[in-house]
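Biologist: Could we go through this structure together, taking each label in turn and asking what stands behind it?
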Amino acid sequence: MTEYEFHPIANCYPAIPPAEMAKIVESIKLRGLHNPIWLYEGKILDGRHRYDACMLTGVSAHFRDYTGDDPIGFVLDQNDGRRHLLTTSQRAAIVADLEALRPGNPEFAKSPMISNYRNSYNRENIGESLARKHHISVDSANVAKKVKRADPALLDDVKSGKTTLNAAEKKVDAAAKAKATKDDVVRDCLGYPIPIQAQEVWNRRQEVQDLLTIISKLKTRMEKAKSESDVLYAKVSNRVIDNIAQLHCHLSNAKPYAVCTSCQGRPGAGCTFCSGTGMISKYAYDHHAIKEAKEMRENALKA
Ligand SMILES: [Zn+2]
């Protein structure tokens, strides 16, 4: 039997629960396939579960091409018996997915062209018309679209009935809020907010890290050459290799790690501890910052 893909319109509807699928398999095994499987654009528009049951049982399937101009309306009619089994949340999730197939929507470009689509749905009020046909409010459809934009996997959970639209919206709102607060504040390696004056230095952290990586490589290579008495590098003195190690150490101390515990990242008068950068290295924080200042910092972080 030829294998068919499911049409994007069909995929907008959730799969039926395993118990119902078992019933379909049983019925097809006993009585064969009565209703045909409908194809549209060479893909299964309606009858995904019947098709799967035929594949499972080896019962031969028969197909018909849908030639009308309202494939969505057709699927909806075919699913009418199922509608009472779906919650309002699930139907809203379906509408959000169907609407994403609409021509002109950027996501539509990812789906195959749904021909004649515009004949049956006016582009301007397609959302409204889909909502009406699925017996949900336009507001619910808009919430579902918002969830889909923010977190498509979460909308799938709504569709399969794992969560409600209301709970999903709350989750999306909370995530957006958390992200906004996080993005507003730039924090050091300890999670302490960095004052604006010190952020320029903090932002060059990667630059120092890149140099450290180069020097590490160089140092490792030269040490290996020395240990193997590689004649190619005979003229490179041990003293110079030691200097490279020292440079690595100095650069590590230049890498911003925490807000300066002395000037608190506001080196107006010129702070000697951070050399006026407002930031100190991990080594300076661990070994040279005074105990009281570190305690204050840790308490501030706990609060
Ligand atoms: Zn300082």
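Modeller: Gladly, with the reminder that this is a predicted model.

Biologist: Which residues of helix α3 are buried, and why are they said to line one face of the helix?

Modeller: In α3, which spans residues 48-57, the buried residues are Arg50, Tyr51, Ala53 and Cys54. Viewed down the axis of α3, these buried residues fall within an arc of 160°, and therefore they line one face of the helix. Among the elements that cover them are α2 (18-31), β1 (37-40) and β2 (43-46).

Biologist: What makes alanine 131 a buried residue?

Modeller: Alanine 131, which lies in helix α7 (residues 126-133), has 24 other C-beta atoms within 10 Å. The cut-off for a buried residue is 20 or more such atoms, so alanine 131 counts as buried. Leaving aside residues up to four places away in sequence, alanine 131 touches Val95, Ile136, Ser137, Val138 and Ala141. For alanine 141, which is ten residues from alanine 131 along the chain, the separation between the two C-alpha atoms is 6.5 Å.

Biologist: Which residues have the most contacts inside the largest nonpolar core, and which helix gives the largest share of this core?

Modeller: That core has 36 residues, and those with the most contacts inside it are Ala92, Val95, Ala96 and Ala144. Its largest share, seven residues, comes from helix α5 (residues 88-100). Apart from this core lies another, of twelve residues, including Ala198, Ala258, Val259 and Cys260. In soluble globular proteins, nonpolar side chains tend to be buried together.

Biologist: What does alanine 96 touch, if residues up to four places away in sequence are not counted?

Modeller: With that exclusion, alanine 96 touches Ala141, Ala144, Lys145, Lys148 and Leu155.

Biologist: What is the handedness of the crossing of α5 and α9, and which residues make the contact?

Modeller: The crossing of these two helices, α5 and α9, is left-handed. On the α5 side the contact is made by Ser89, Gln90, Ala93, Ile94 and Ala96, and on the α9 side by Leu155, Val158 and Lys159.

How values were computed
Residues numbered from 1 in each chain as written. Predicted model: local features only at pLDDT ≥ 70, side-chain atom pairs only at ≥ 80, totals over all residues. Helix = DSSP H or I, 4+ residues; strand = E, 2+ residues; numbered from the N terminus. Arc of directions from axis to C-beta. Contact = placed C-beta atoms within 7 Å. Core = buried A, V, L, I, M, F, W, Y, C linked by C-beta atoms within 7 Å. Left-handed = near helix turned anticlockwise from the far one by under 90°.
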